[in-house]
Amino acid sequence: MKKTHSLIAASAGLVIALGAGLSIANFRSAEATSARTTFARPVVVDEAPKPPGVDLTLFSALADASQLKKLSRDVNACHEALSAASVTFTEVPATKQGQCGFTEAVEISSSLASWEPNPGAPKELPMTCGLAAKLHLWERHVVIPAAEKYLGSPVEEIKVFGTFQCRTVADTDKLSEHAFAKAIDVAAFVLADGRTITVLGDYHTKGAAGDFLREIRQRACDLFDVTLGPDYNEAHANHFHLDVGGQRACR
Ligand SMILES: [Zn+2]
């Protein structure tokens with residue numbers, strides 16, 4: 001029913017647009033012949049209503065903070081958004097470890113790049129769906145284009161130190177967002193041409209690899225609640241910490 005409605009609205013819009021186009025054409029020729037004719041104002045029609053949900057394949061989704069917030073609250077909508085963007089994932093059963101744990105989480109099976117544990121890191125990378133959706137946006141609209149721009153090759157693999165871990169923030173007794181599967185530590189990027197760009201080795205270097213890493217860290221700040229990297233402190237010299245815990249920091 002909705003579809004029919006928007007089709008009618010769209011065709012009505014087309015007719016009005018054509019009408020307006022004709023009026024403009026008439027106006028121009030009228031102007032040329034100095035004829036005094038009055039024309040009706042073009043009728044402004046509201047655009048057809050947007051379909052529900054968030055299209056993660058659109059660049060504009062990056063800036064749609066309210067829709068993205070909705071994804072972190074509505075697991076079903078979030079799963080739909082991932083599937084619609086061709087991200088495949090498995091649902092992870094609710095987990096509780098003392099004060100830590102999560103009630104909903106996914107593990108990404110395939111996305112544009114593959115998300116892989118760094119050697120020695122835990123094999124499982126459970127994360128809340130809200131985090132997975134933002135990672136997909138970052139990967140699709142920021143990381144891969146930036147790699148092509150600076151390094152001439154897309155990213156094929158993203159190496160991760162970990163997601164869920166029952167621990168506190170270093171030097172505090174406050175639980176980390178890792179304790180709730182709302183954070184990820186990103187260590188390195190493997191390009192299609194075989195090169196590996198690491199946060200530890202390349203972040204502070206002059207040139208393309210450093211520019212790539214500094215740009216994707218800066219633009220992560222627009223998307224994630226907290227983005228921390230080597231500029232912040234020694235504890236983050238080898239990774240970007242990205243989380244959706246609700247606090248704000250970009251360092
Ligand atoms: Zn972290």
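Ala-133 touches Leu-56, Leu-68, Leu-71, Cys-78, Ala-81 and Leu-82, when residues up to four places away in sequence are not counted. The model is a predicted one. Its protein chain contains six helices and 11 strands, and 33% of its 251 residues are buried.

**Confidence and overall organisation**

- The average pLDDT of the protein chain is 85, and 79% of the residues score at least 70.
- Residues 1-35 have a pLDDT that stays under 50, and for them the model has 15 contacts beyond four places in sequence.
- Of the contacts in the protein chain between residues at least 6 apart in sequence, 59% join residues at least 24 apart.

- Because 18 of its 23 residues are buried, α4 is largely enclosed by the rest of the structure.
- At Glu-139, α4 bends by about 40°.
- Gly-152 follows α4 and has a positive phi, near 70°.

**The packing of α2 against α4**

- The axes of helix α2 (residues 65-73) and α4 come within 7 Å and cross at roughly 140°.
- The two helices, α2 and α4, are therefore oblique to each other.
- On the α2 side, Leu-68, Leu-71 and Ser-72 take part, and they meet Cys-129, Gly-130, Ala-133 and Lys-134 in α4.

**Cys-100 in strand β3**

- Cys-100 belongs to strand β3 (residues 100-102).
- Cys-100 is partly exposed, as 18 other C-beta atoms lie within 10 Å.
- Beyond its neighbours within four places in sequence, Cys-100 is in contact with Cys-166, Leu-175, Ala-179 and Phe-180.
- Cys-100 and Leu-175 are 75 residues apart along the chain, and their C-alpha atoms are separated by 8.1 Å.

**Thr-227 in strand β9**

- Thr-227 is part of strand β9 (residues 226-228).
- Thr-227 counts as buried, with 24 C-beta neighbours inside 10 Å.
- Apart from neighbours within four places in sequence, the residues in contact with Thr-227 are Arg-217, Ala-220, Cys-221, Phe-240, Leu-242 and Cys-250.
- Thr-227 and Arg-248 are 21 residues apart along the chain, with their C-alpha atoms separated by 8.3 Å.

- Ser-86 is a residue other than glycine with a positive phi, near 65°.
- Ser-86 sits in the loop between α3 (75-84) and β1 (88-92).
- With 12 other C-beta atoms within 10 Å, Ser-86 is exposed.
- Ala-181, also a residue other than glycine, has a positive phi near 60°.
- The loop between β6 (155-162) and β7 (183-191) holds Ala-181.
- Ala-181 is buried, since 28 other C-beta atoms lie within 10 Å and the cut-off for a buried residue is 20 or more.

Terms used:
Residues are numbered from 1 along each chain as its sequence is written. This is a predicted model: local features need pLDDT of at least 70, side-chain atom pairs count only at pLDDT 80 or more; totals for chains, interfaces and linings use all residues. Helices (H or I, at least four residues) and strands (E, at least two) are DSSP runs, numbered from the N terminus. Two residues are in contact if their C-beta atoms, placed from the backbone, lie within 7 Å. pLDDT is the predictor's confidence in each residue, from 0 to 100. The bend at a residue is the angle between axes fitted to the seven residues ending there and the seven starting there. Axes are lines fitted to C-alpha atoms, for helices over the stretch in contact, and angles run from 0 to 180 degrees between N-to-C directions. Angles under 35 degrees count as roughly parallel, over 145 as roughly antiparallel, 65 to 115 as roughly perpendicular and the rest as oblique.
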